[in-house]
Amino acid sequence: MVKKLYSDASSALEGLLFDGMQICAGGFGLCGIPERLIDAIRDSGVKDLTIASNNAGIDGEGLGKLLRTRQVKKMISSYVGENKEFERQYLAGELEVEFCPQGTLAERCRAGGAGIPGFYTRTGVGTLVAEGKEVKTFDGQDYILERGIFADLAIVKGWKADEAGNLIFRKTARNFNQPMATAAKICVAEVEEVVPVGSLDPDSIHLPGIYVKRMIVGAPYEKKIEFRTVRQRETA
């Protein structure tokens, strides 16, 4: 069996990073993000990156670290509201942004991973999203052509894996990780725990190990919260 487990994020990414590359990054906000791999990409100094991700984390966390170091040239995202540096760079013309409806972004990655170069959708018809895109009519309804996404590298965060790279994602941390993992030439995963082959229930596996080429154990993690909301203490 091919050895997939590496000692740390830097060694797992060795030979894979280059200037101008495209990366698919799993996660939603700070949930299910590949923190150790993002840190290793930052430390590598690679630049002019195009990153497809639901969003760019928050200021100084997640992909926000790569924005702060100016390593990102373009973001393909559906939501950017929690990152002030993202907003600043975009409005200043320092960052190219391709806004994409959330469901469309997920399907673009799923399609890319399935070898589908494009698909038609009604989402975005008649809006700015449709500008410059082919429009075709099916059964009296207009649809726009969206291209599948297939990147140079996918980085994802799993909960548990076996030594063959079969992954389980934990609850909502599955989010974009599953489609992103298939939508690249090579996928590197970080997980909280690795168990022997045969330990995982086959029906519980979310991502088959054939997609995962390299992985690391990133634990322990600090469970960061984007917004802490608490009930106001009642006074007597």
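A helix here is a DSSP run of H or I with at least four residues, and helices are numbered from the N terminus. The model is predicted.

**Stop 1: a residue in a helix**

Select helix α4, residues 84-91, and find Q89 in it. Is Q89 buried or exposed? Its relative accessibility is 1%, so Q89 counts as buried; the cut-off for buried is under 20%. Now show the side chain of Q89 and the backbone of L67: the side chain reaches the backbone oxygen of L67 at 2.8 Å. Next, display what Q89 touches, leaving aside residues up to four places away in sequence: L67, R68, R70, E94 and L95.

**Stop 2: the sheet**

Hide the side chains and colour the strands. Seven strands make up an open sheet, and their order is β4-β3-β2-β1-β8-β11-β13. The pairing is parallel. Which strands stand at the edges? They are β4 (96-99) and β13 (212-217); each has a single partner strand, so one side of each has no neighbour in the sheet. Neighbouring strands of this sheet are turned against each other by 20 degrees on average, with direction ignored.

**Stop 3: strand β8**

Select residues 153-157, which are strand β8. How many of its residues are buried? Five of the five are, and the strand is mostly covered.

**Stop 4: the partners of β8**

Select strand β1, residues 22-25, together with β8. The two run parallel and are joined by three bridges. Look for C24, which stands opposite A154 in β8.

Then select strand β11, residues 187-191. β11 pairs with β8 in the parallel sense over four bridges. What is the bridge partner of V156 in β11? It is A189.

How values were computed:
Residues numbered from 1 in each chain as written. Predicted model: local features only at pLDDT ≥ 70, side-chain atom pairs only at ≥ 80, totals over all residues. Heavy atoms only, no water. Buried < 20%, exposed > 50% of the residue type's maximum accessible area, 1.4 Å probe, protein only. Pairing = 2+ DSSP bridges. Axes fitted to C-alpha atoms, helices over the stretch in contact; angles between N-to-C directions. Polar contact = N/O pair within 3.5 Å; in protein donor to acceptor, adjacent residues only side chain to side chain. Contact = heavy atoms within 4.5 Å.
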